[in-house]
Amino acid sequence: MTPPAPHDDLLRVTGLTVDYVTDGDPVRACADVTFTLRRGEILGVAGESGSGKSTLVTALSRLQRPPAVTTAGSIEFRPRGGDAVDLVTASPRTLRSLRWTSVSIVLQSAMDALNPVMRLGAQFADALRTHDRTLSRQAAWDRAAELLTTVGISGDRVRSYPHELSGGMRQRAGIALALACGPDLVVMDEPTTAVDVVMQRMILAQVLCLRRELGFAVVFVTHDLSLLLELADRIAVMYAGRVVELGTAQELYEAPRHPYTRGLRDSFPPLRAPLRRLTGIPGSPPDLRRPPSGCPFHPRCAERFAGCDTHLPDLGPAGGDGHLVACRLYDAAPGRDRTVTLEGSAR
Amino acid sequence: MTAPPTTRPTPVLAAVDVTKHFAVRAGVGSRAVVRAVEGATLDLHRGRVVALVGESGSGKTTLARLLAGFYAPTSGEIALEGAPVRQRRGRVERGYHKDVQLIFQDPFGSLNPLHRVRHNLERPLRLHHGVRDRAELDRRVGELLERVALTPADQFADKFPHELSGGQRQRVVIARALAVEPKVLLGDEPISMLDVSIRLEMLNLLDRLRTEDGLALLYITHDIASARYLCDDVVVMYAGEMIEGGPKEQVIADPLHPYTRLLVESSPDPARGARDREALFDAGADDLGEPPSLIDPPPGCRFHPRCPFAKDVCRTQAPPRTDVGEGRWTRCWLHATDPTATSQETE
C-alpha cells in the first residue's frame, strides 16, 4: 500500500449537512461532516445502516434526489490541472464536465447498472466517446477491451452482453467503466457487498493495484469495518449521521478512541487470534427521526458520564498522526480547543 | 465457547448421502438438471453447533431446506434420531417441524406484517402444542420473548413487525422457532442481514440456546470468522459438494483442501501482518476464477479448474472422502491415494 503524497488535498468536505425534508421535522442524515481526502488516498467510511454513509455518497456525487437536500457545508474538489470547484453549488453544466472524467462512482448494484440489451463494448464506447468526441468507434472498442483486461476480464468479452457474465464479472466491469475516463476520485458505495469473499478479495486487490498504477483516490463506503482495516489508508467512522472518529487504519485498529469504534472493532470475531467472549454493542442504532440529545451514542455507551446526554462533542484531535475523535472522554487531549481542525494532518 | 466433546451417540438429525437435483428449463423445449447438492452427509448432535460454510450457490441453503423437510431429496435420506424421514408428495408430516425448525436469513420477510408479535408467536403454540387457553398463551409468549431478551415482554408482544428493528425482528423469528420446542435449529445466514454491532448478541443468543437447552444447531454462513466464534465443527461446501470438515480450529488454521485455504485467506482479517497482506493482495489481483455452473459441473473434482495443485486424476475422477484422523476429513486427491498413480507404480 503506497502512502499518498502528503499535503495534496483532492477533496475538502466542510460542515456538510444533509436533511431529508419531510412533512414533519426534517431528518438530518448527515450532520456537519468534515474531512479531507488526499490525492491517491483510500478513505474508508464505515457505518451501520442509518449512519448516513450512503447519504454522504449521494451528496458527494451530487446524485441526491428530493427529499434529500444539502442544507449546509461545502465540498471543495480540486481536479488535476483544474480549478477548485465547490460541488455543492456547482452548476449542472460544471457537474457534467466533471462527471466520469474527474469523479466517477461504483454502486453496490453496479452489476445491475449495465444496460442488458447493449454489448459491454458499446456501453464503454458510449461513455468514452461522450467525454472524448475525437475518439473513433474502433478506438473506443479497443480501449474498452483494454479496460476489461485491467480488471481481469478477457478482452474478447467486449462482445458479450451483461447476462453472459457472472455477477462478480459484471461488478468488475462496473469498476472498469468507472475508471474509463481516468478520474481523480472514485466513490465506491459497498462495491463488494453483493459478491462472495473470494471475489471480494480479488476486486479489492485489483482496485489497489489500479490505484498504484493510475493514482486515483477512493472514498470507500461499507458497513464492514474489518474490510476497511485491511484496505483503507484512513477511515472515518460514522454514527447517526456524524463522523465520530477519523484516523489511519492502523491507529483505528490498534487504538480506537471512541467507545463506538471500539465496540464496532470488537464486533468482528477474530479469524485466528484466541477466541474470547465478545459482546458487541448493546441496544440498536438510533432512529434519526428522534435523535438522542447530546452525543448520539450516549444511550448505548458504557463510558458515558454526566453531561454526555446534553453536550454534543466536537470532532477534535486525540493524539498522534492527526487522529480525530468526537467524544468528551478526550476533551482534555493535548492540542484540543473548541474549533474543529480541518487539516487533521500532522505527517 | 466449545462444548465438551461427546461420545458419538445417534445424531439428532442426519443427512446420509443426500442429493438434490432440480429440473429447470434451459431455453425453448430443452430441460436441464441443476445438481444443487451432491452426496451430502452431515450429523447434528445435541448441544453442538456445526457451521456450514461456502459461497453463494454452493448448495448451503438447499441442504438446509432438505434438512428442514421443505424439499424431498432426489436420493439419500434424512434421519431424525435414527429414523428415516418419510415424505409424501414432497412434504413431511407436520410433526417433523415440531422437532426441526429453520430460521431464515431475512427477518424482514419472514414475519407476517399484518399481525402483532403476539399472533406470530401464538401460531406455533396453537398448531404444534394445541395451546388454546388465553392465560396459558400469554404466559408462554411472555416466556419466549424473555428468552430472546425482548423485554419488557408485554410491550413487545403488542408491536407489529415494522415497529421493530432488524435485530429485534430476528429475535422474534428465533422465539417463534423456539415456541415449538424443537430439537434442531437450522440457521440459514441468520445474522448476515443484521447490523454489525448487533450480530454478536444474536450469536451469543444462539450459543446460549445450545448450552442451556441442548439444541442441535446448524449455522449456515459465508463468514468464517463468525463460524469460528460460534461453532464446534466446520463443514465446507463447494459447488454442491462437501469438500472438507472437522473441528473448527484445525480446519481454519490449517485447511486441507485448496478451496478451504482460498476461502480462509480471502476472509477479511485485520490482524493479518502488513507483509502477508501485501503478498495476498498481489496474488489476489490474478484471476482466482469462479464457482462452476451446477448444470454442467466440471468432471472429476469440481474445484479442479481453479485449483493450483490440479493433477491429471483431478480432471477425470471425483476424489473420495478421506479421513485423516482427529475427526477431520476432506475430499481431495492431495490427501487420497491416487488410483492412477498406484496402477503406474505396480506396472
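## Burial and surface

Of the 347 residues in chain B of this predicted model, 54% are buried, meaning under 20% relative accessible area with a 1.4 Å probe and protein chains only. The accessible surface of chain B is about 15500 Å², and carbon and sulfur atoms account for 49% of that area; the areas come from the Shrake-Rupley method with a 1.4 Å probe.

Local features need pLDDT of at least 70 and side-chain atom pairs count only at pLDDT 80 or more, whereas totals for chains, interfaces and linings use all residues. Residues are numbered from 1 along each chain as its sequence is written, chains are lettered from A and ligands numbered from 1 in the order in which they are written, and side-chain values use heavy atoms, without hydrogens and water.

## Overall dimensions

A compact globule of 347 residues would have a radius of gyration near 20 Å, and the 22 Å of chain B agrees with this. The radius is taken over C-alpha atoms, and the globule rule is 2.2 Å times the number of residues to the power 0.38. Along the principal axes, the C-alpha atoms of chain B fill a box of roughly 80 × 50 × 50 Å.

## Strands and sheet

Chain B has 13 helices and twelve strands, which are DSSP runs (helices H or I, at least four residues; strands E, at least two) numbered from the N terminus. Four strands of chain B form an open sheet in the order β2-β1-β4-β5, with antiparallel pairing; a pair requires at least two DSSP bridges. Because β2 (31-44) and β5 (83-84) of chain B are edge strands with a single partner each, one side of each has no neighbour in the sheet.

Conventions: Buried means under 20% relative accessible area, exposed over 50%, partly exposed in between (1.4 Å probe, protein chains only).
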